[in-house]
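Me: I would like to learn how to read the features of a protein model with some care. Could you take me through one, giving the general idea before each case?

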Amino acid sequence: MVKEEEESPNRPDNTAFTQQRLPAWQPMLSAGIVIPGFVVIGLVFIGIGVALFVTSRSITVLEIDYTGVDKDSPCFKCSDPDIKNCPCTVDFTIDTLFEGPLFLYYGLSNYFQNYRKYSASKDLTQLSGDLANFKAPSDDCYPYDYSAQKPIVPCGSIANSMFNDTFKLFHMVKGTKNPVALDGKGIAWWTDYNVKFRNPSVNPLKDAFNGTTKPPFWPKPAYELDPTDPANNGFINQDFLVWMRAAALPNFRKLYRRISEGEYEKGLPAGNYSLEIAYNYPVLKFEGRKKVVFSNVSWMGGKNEFLGIAYLVIGSLCVVMSIVMLIVYAKFKFPEED
Amino acid sequence: MDFTLLRNIIRRFCVGEEDWPDSRTVYIGHKEPPPGAEAYIPQRYPDNRIVSSKYTFWNFVPKNLFEQFRRIANFYFLVIFLVQLIIDTPTSPVTSGLPLFFVITVTAIKQGYEDWLRHKADCSINECPVDMVQQGKVVRTQSHKLRVGDIVVVREDETFPCDLILLSASRQDGTCFVTTTSLDGESSHKTYYAVPDTLAFRTEQEVDSLHAIIECEQPQPDLYKFVGRINIYKDNEEPVARPLGAENLLLRGATLKNTQRIYAVAVYTGMETKMALNYQSKSQKRSAVEKSMNAFLIVYLCILISKAVINTVLKYAWQWSPDRDEPGYNHRTENERQRHVVIRAFTDFLAFMVLFNYIIPVSMYVTVEMQKFLGSYFIMWDEEMFDDELGEGAQVNTSDLNEELGQVEYVFTDKTGTLTENNMEFIECCVDGNVYVPHAICNGQILSAASSIDMIDSSPGGYRREHEDLFFRALCLCHTVQVKEEETVDGIKRGIHQGRPTSFYISSSPDEVALVEGMKRLGYTYLRLKDNFMEILNKDDEIERFQLLHVLNFDSVRRRMSVIVKSSSGEYLLFCKGADSSIFPRVVSGKVEQVKARVEQNAVEGLRTLCVAYRRLSESEYEEVCHQLTDAKLALQDREQKLAQAYDTIERDFVLLGATAVEDRLQEKAADTIESLHKAGMKVWVLTGDKMETAAATCYASKLFRRSTQILELTKKRTEEQSLHDVLFELNRTVLRQRSISGLSVDCIDFGLIIDGATLSAVLKPNPEGAGHGNYREIFLDICRNCSAVLCCRMAPLQKAQIVKLIKASKEHPITLAIGDGANDVSMILEAHVGIGIMGKEGRQAARNSDYAIPKFKHLKKMLLVHGHYYYIRIAELVQYFFYKNVCFIFPQFLYQFFCGFSQQPLYDTAYLTLYNISFTSLPILLYSLVEQHVSMDTLKRDPSLYRDIAKNSLLRWPVFLYWTCLGVFDAVIFFFGAYFLFDNTTFTSNGQLMTTNTQMMFGNWTFGTLVFTVLVFTVTLKLALDTHHWTWINHFVIWGSLLFYVIFSLLWGGIIWPFLNYQRMYYVFMQMLSSGPAWLSIILLITVSLLPDVIKKVLCRAMCPTATERAQGHERLSRGGGAESTPHSSRRSYKGTSRDSSHLHLGAAETLSLRTSDPLPQKLLAHLGGGGRADLCSLSPYMLRLSGAGFAYCAPGPETSV
């Protein structure tokens, strides 16, 4: 009488969600799916791996260590840190056509560009052309923020330690040195060149640097990095940009030049070559090595055998595992199939 | 003199509250005590202001911050944040400061808002108008201005403003009715009494003229306890002292009902009211998962510290040569150079700690808390656990223990009201061995009272006649039943269909109602209690009046109650009814043998029996009794003890009258539930205060014991014959022998143990013979361990808790669950790991003190097997996954230190470090932990054995944890070295054809980190996707959504030069990376490699040694695939396959078999027997048992049982 069929106010909602009965897809890692899946993945990976491996094989890399540790090395004379601006020449021979477009890298090893303090030691505001930070560099740059009470521009360890060896490549044709045109443009990130790094809009550029001093390791100030081309001078000098992007690992290469135009656009023909190096950068103190690398690239970038091999290994592992699983399946009978 | 004051002050302020006076003295109406009254200690009482708010405007910020930083996660963040602020660390303080600030602010705003609401609520309560009597007039004042000693007027339907002692009510008899719904949820009306000397006051003037003081105990939170004394001073007379008990105390929060107006005096005000004291929450229970979580955390903390130490040591070893320490391109500052090497090393250590601090999954705590809080709604929302009759569903009082529901190994259940309905029906009574059965309701027709008595053994005789009369009167008088005449009363009601259709018997004990109603059907109707006279309508329709002099209330230790009445002929009679064990020893005459035989017979049938006895008191004896009782009742200290003593001396020298039998039906599906619990591997113990025979019958009916169960008895009866020592050893031998045999043979017996309270206390008593200390306990535990079911009868409430404690402390440390419905179960509910209250008929104490409250026992099945299982699976994955994903996250950063000269260079960008746990990987796991269902609900219910798969915290054991951690390390190594080999010594360059302006850029360290991070986020999320078995649209949305969010965030984060940020190291890094073909290829490769071992492991494990759960998944899949053909055999088969110990296996199979074959038999018998429309299997279970016993005998020929 009192308690009729009235709906109780406490009664919970009867929805699929509150009753935990939402429709659901219930996948399961059953043999029926996994074995064919593994076979497919394995085959695809092997395919990719073969392609990568073959491509990688087709890439030629020529590495020349010019640190000058050995006495026979042409640059041995330059390895003494007291000698500045030491020129040395490395000769090498190419047997077959070194197909282009070719890229010239410099490589440093045992060089920790990823030291925390080192990689943070720069003032991005200054590098974006803010004149206020020319006068007062950020604290991050310490100890390379002031030199003799003058602000250093560009400040910081990383800028200070910019790689300053230079290379010239000559093709020796019948005793004459035929210079190979090296292109220093387009070696840095587009965004670094166009957005992140800016010269102050002062003309001439030199005036912006009044009252400042160059980094102590630099032979010349930033506005003289490439006096020939204002678009490659100052902070937007591409060598500078490349250097400023700190490498991830202690052994690294950085792009130096491209051989993409002129008569060697198609590659370096077989013959003798001579690389003239202005040896400035000291690396032996910290057991570093310097080298020059010539390399061409493919659709997947530079030479990288690891990726291809990894794909091959994983792909075959997948196939093997699918066979193992098939055996297990035959032996144990998967429960869902019995 | 002065010294006492000083001492008081010192005591008050120095020693603390414990040393306060034990009692307080309240001056009613603030009248000075008359001269000559004993000196008293003035006490200050708080005003009646209720302060539920935690903060004031001024202390909000410091107090809230303090509260928040007491939480370990916040504190950890704070420490890291401070370290980051103080020393030069690799990551900016923002990485820990921002989340910390966010969490703190959000929590503070939420708590501030809640507190503001509380302030508002407090305000409205404190300012609500209250009428009080001052100088003979009613004055309206505000609630918070009430003081102890004020006289208050409360009208019908008003709520009491503080704890009051009732002085007088508008009802003639000085009673008033009260509901305490808001206090304890009981909606029944309770009666409160005024002191006889004051109940006649009708006007304010009269009340104001009262000159009295109240002495009472200091406030304490127990709602049902109060001791006090009122001293009333009348002109030139000795003061009169009256006892005050809980029945005189009106509690704040309760509501006055059915009474126009009362006068009452305030004794406890404001924060000292019992309601306010009950705000304080109970002690926290912690779940096993939480414990292992903390253990894992300590391991990770060790890993963190050792990582930092390793890196620091290696750093200094590696930097031993100065060129490495300070290469020419990276000069140190002057400051650093001058710092002592120890300080430098310590700073480095701290910096490493900061760098790796993310390995501690701090956000796990927040997520776990959210998961528990939100997840508990699924219990409350569950429609299957909603009871229409009660109009209530399951309640969650602590969401902290959700997953513990999936870990239960021992279930301790109360019998009455838990296994049974607590819906009593009077069956028969016997007077001196003559049995009376009321057949009042027969085929739906109500027969007249006179013809209903069916005397089985009718040998007339004057002696018998006299006893019969006394017996029926005893049952009509010896109770605390009230008669309700209105129908507005909710709660327990039983219609009386004769005469007054609108009156009900109400009592807190259904037994009493059943008895009084049974008496009515036998012709003796209890009419009412009026002016202390109980009126009975006897068989000849005459009204008999008895003066009620004393009630010796029932308590579960004494297990009996008595009344002392004065008949109209002036005789003093003491009637007592109680459990046979507590009556028989006190009986001096009467047909003990016959009654005993009948009682035992009834008990075997599962009926609840009570014995009735009486004692005639002479005038002088009565005076003596009266004196004893008043003394005890007036005591302020140890009142309970003194009362018990008094009761003990009064209740003796009985003449036995007879016994009653009341049936309590089994609850719906109780047997099914117990069976499921057994199959799920839980051991079920029934703890009851009932007789052994009654309890054993119920246990058989509820399938706790089966016919095949070998019963071991450990009862007083046996220990009287043999020494306890021998019995214990003999039982132990039996059990052990069986176990060693069953190791080989197919046949196996399961044991059931019956133990009673007396023997139990003997077992638990420390052995006096020094050497064997605790020996019995161990043997007893050993026996228990081998019994699938244990029945403990004749238990006192505290013993129930003792048993739970004993099992809890045994060496396996099993997880216990206690379930009960009454106040006597509260102690065990509080003691057990999980306490479940049944919203029963005996009030709400159990439900209030429990962690979870359910309407019926049958809901326990879903609660444990479905909800518990899900919660455990979910939280286990949550915990493991959190540790896993943080290993994956931080281990590459650890490895990177080896390649950056241990310079603490972070691998990932600040934004990634900050957001990884907060947003990139948090939602999928939270959602998983809310909605995952690895097998369907129906499967879980159908196949309880799946519960065994997760027993003993199996998903959070060390090997599993190790597996997850190793997987994390493996994945981290793959991520890092995968990226390393791509970067190292190769020209990892982007493709000139894709973006014509970019040709041969090198990637820097941030690209390296971003590559690792991208692989990490995808792998970790996909790992969860692989683990998800239940893909609802929400899962799809959250998993793919969070991956998409990561990509979009990275594009945005790198796409813009963010103002106000002094670095742009991530500028275009993500886009540059994506523009490179090898990056894509390596991301795909690394994700695949990382996931591969886990997939292979899963597939192989599933094939080679599938768990029951995996089999169930397979079956589910098959049945889904094969259409509607669901396989009822599947559960049994999987059961067979999974149980690794063979004893369970065979048990299970045998049991299923015996059940199948035997089921139809009792049904048929029942139909035969029941006839009168009672075909319900449960209701007749005791009969069924007896009858079907023979049928079982050849079905499952087990060893003889000893019952």
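**Reading the contacts between and within chains**

Reply: Between chain B and chain A there are 18 residue pairs in polar contact, with both residues at pLDDT 80 or more; a polar contact is a pair of N or O atoms within 3.5 Å, where within protein one must be able to donate a hydrogen and the other to accept it, and where residues adjacent in sequence count only if both atoms are side-chain atoms. The largest share of the side of chain B that touches chain A, 16 residues, comes from helix α37 (residues 1077–1104) of chain B, helices (H or I, at least four residues) and strands (E, at least two) being DSSP runs numbered from the N terminus. Please keep in mind that this is a predicted model, in which local features need pLDDT of at least 70 and side-chain atom pairs count only at pLDDT 80 or more, while totals for chains, interfaces and linings use all residues. Residues are numbered from 1 along each chain as its sequence is written, chains are lettered from A and ligands numbered from 1 in the order in which they are written, and side-chain values use heavy atoms, with hydrogens and water left out.

Me: How many residues does the contact take from chain B and from chain A, and what is the area buried between them?

Reply: The size of an interface is often given as the accessible area lost when the parts come together. Here the contact (heavy atoms within 4.5 Å) takes 110 residues from chain B and 93 residues from chain A. The buried area, which is the accessible area (1.4 Å probe) that two parts lose on being put together, summed over both, is about 9000 Å², and carbon and sulfur atoms give 61% of it.

Me: Which parts does the salt bridge of B:E384 and B:K941 tie together?

Reply: The closest N and O atoms of B:E384 and B:K941 are 2.6 Å apart. B:E384 lies in the loop between α12 and β14 (395–396) of chain B and B:K941 in helix α32 (residues 937–942) of chain B, so the pair ties together parts that are 557 residues apart in sequence. B:E384 counts as partly exposed at 38% relative accessibility, where buried means under 20% relative accessible area, exposed over 50%, and partly exposed in between (1.4 Å probe, protein chains only).

Me: Why do the buried residues of α24(B) line one face of the helix?

Reply: In helix α24 (residues 757–764) of chain B the buried residues are B:G757, B:T759, B:L760, B:V763 and B:L764. Seen down the helix axis they fall within an arc of 160°, so they line one face; the arc is that of the directions from the helix axis to the C-beta atoms. B:T759, at 4% relative accessibility, counts as buried, and, leaving aside neighbours within four places in sequence, B:T759 is in contact with residues including B:L714 and B:L724.

Conventions
A salt bridge is a side-chain nitrogen of Lys or Arg within 4 Å of a carboxyl oxygen of Asp or Glu.
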